[in-house]
Amino acid sequence: MKKSRFTETQIVSILKEADAGRSIKEVCRQHGISDATYYKWKSRYGGMEASDLKRVKDLEAENARLKRLFADMALENAAMKDLIGKKTLTPDGRRDAARYLVTAHRISVVRACRCVSLSRSAYYEEPVNWIVRDAGIVAALARLIEERASRGFWKCYQRLRLEGFTWNHKRVYRVYCMMKLNLRRKAKQRLPKRERVPLYVPRRPDSVWSADFVADALLCGKRLRLFNVVDDFNREAVHIEVDTSITSERLVRVFEQLRKERGLPQVLRTDNGPEFLGEAFIHWARQAGMAIQYIQPGKPNQNAFIERFNRTLRDELLNAHLFARLDDVREAVYWWMIEYNEERPHDSLGGIPPLQYRSQNAENSTYELPT
């Protein structure tokens, strides 16, 4: 469109000359315009002042700006509707969404990044494969899970801390989830509210022990029993006896062996099983000076330390392997006890193994470490 050689202010002044009484032909001749041009100007600018022209120009500019803004918003709205159903929670997902908007909808990089809440530096950053970036964490987690498949995230993380690794727990958990190592969490059973009473924890080692039995079977179907003894002070596995049948007389031999190796506790907490109620075991315990504290029938929570230990033993050892012979069970139990007491972190002990907790807290008790 050809641009006029008169400004809008000049046009208004020319119209005012004609309004002042001069003839139209004279005005047109003086300024070198035709009559048609004059009447065209009059139909558009007649009766207007210079201030009115400025206001009209501002309104036209604002109207044009609003039109462009509406067009941009409509374009972004259409592009965002196209992204519905695409997950854009992670940086990689947002980067892919932004590139999709740029290529498919012809949106600029700045607007595409603003739509998906992504910085431009992250848009241009080359993605790094997490397996390469976190190769050390992947190898460490794979080693721990290969050793014990029932380990959860926090057990793995505490083991890594004990081994000297300083990775942040959020980074380790992200890699743990990317490797799909999450364990199924058992849903809590709805129970009525009851008053919780904390279980008594002894203040020194070898003062209160807990004992219980665990049943399992060999590959051939033959039943076997495990007799477990735990020190309530530091949750240490004192002894695990494995056999097909364990009687009261066998319990006497087990505790005689323990008395030679480390001494007997003041109190032994047990349930009301027939082995603990046998005359031979009760008579021997009375002569040895070891008091037997029986829990109430049907209330295993009164012996919660050994019950929790039984669950760990079953999850990490008995349910994870198939055994063909009793000797295989005894050997596996031997090595598992060493790992449980010396390496496995315990939540109630501040994330350290039982023997380390015992050595750290022996100074605060009357217990003397054997030389």
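## A tour of the helix packing

Start by selecting helix H14 (residues 304-318) and helix H15 (residues 326-342), which pack at an angle of about 120° with their axes 12 Å apart. Axes here are lines fitted to C-alpha atoms, for helices over the stretch in contact, and angles run from 0 to 180 degrees between N-to-C directions. H14 and H15 are therefore oblique to each other; under 35 degrees counts as roughly parallel, over 145 as roughly antiparallel, 65 to 115 as roughly perpendicular and the rest as oblique.

A word on what you have open: this is a predicted model, where local features need pLDDT of at least 70, side-chain atom pairs count only at pLDDT 80 or more, and totals for chains, interfaces and linings use all residues. Residues are numbered from 1 along each chain as its sequence is written, and side-chain values use heavy atoms, with hydrogens and water left out.

Now show side chains. Phe309, Thr312, Leu313, Glu316 and Leu317 of H14 meet Ala332, Val333, Trp336 and Tyr340 of H15 (contact means heavy atoms within 4.5 Å). That contact divides into seven nonpolar, one polar and one charged residue. Nonpolar covers Ala, Val, Leu, Ile, Met, Phe, Trp, Tyr, Cys and Pro, charged covers Asp, Glu, Lys and Arg, and the others, Gly among them, are polar.

Next, jump to helix H1 (residues 8-19) and H3: these pack at about 105°, with axes 10 Å apart. H1 and H3 are therefore roughly perpendicular to each other. From H1, pick Glu8, Ile11, Val12, Ile14, Leu15, Ala18 and Asp19; their partners in H3 are Tyr38, Trp41, Lys42 and Tyr45. This contact has eight nonpolar, no polar and three charged residues.

Stay on H3 (residues 35-45) and color by burial: Tyr38, Trp41 and Tyr45 are buried (under 20% relative accessible area, with exposed over 50% and partly exposed in between, using a 1.4 Å probe and protein chains only). The three cover an arc of only 65° around the axis, which puts them on the same side of H3.

For a loop stop, select Val116, between helix H6 (109-115) and helix H7 (120-124). At 8% relative accessibility, Val116 counts as buried.

Finally, zoom out. The chain has 16 helices and five strands (DSSP runs numbered from the N terminus: H or I of at least four residues, E of at least two). Of its 371 residues, 39% count as buried.

Note on methods. Arc of directions from axis to C-beta.
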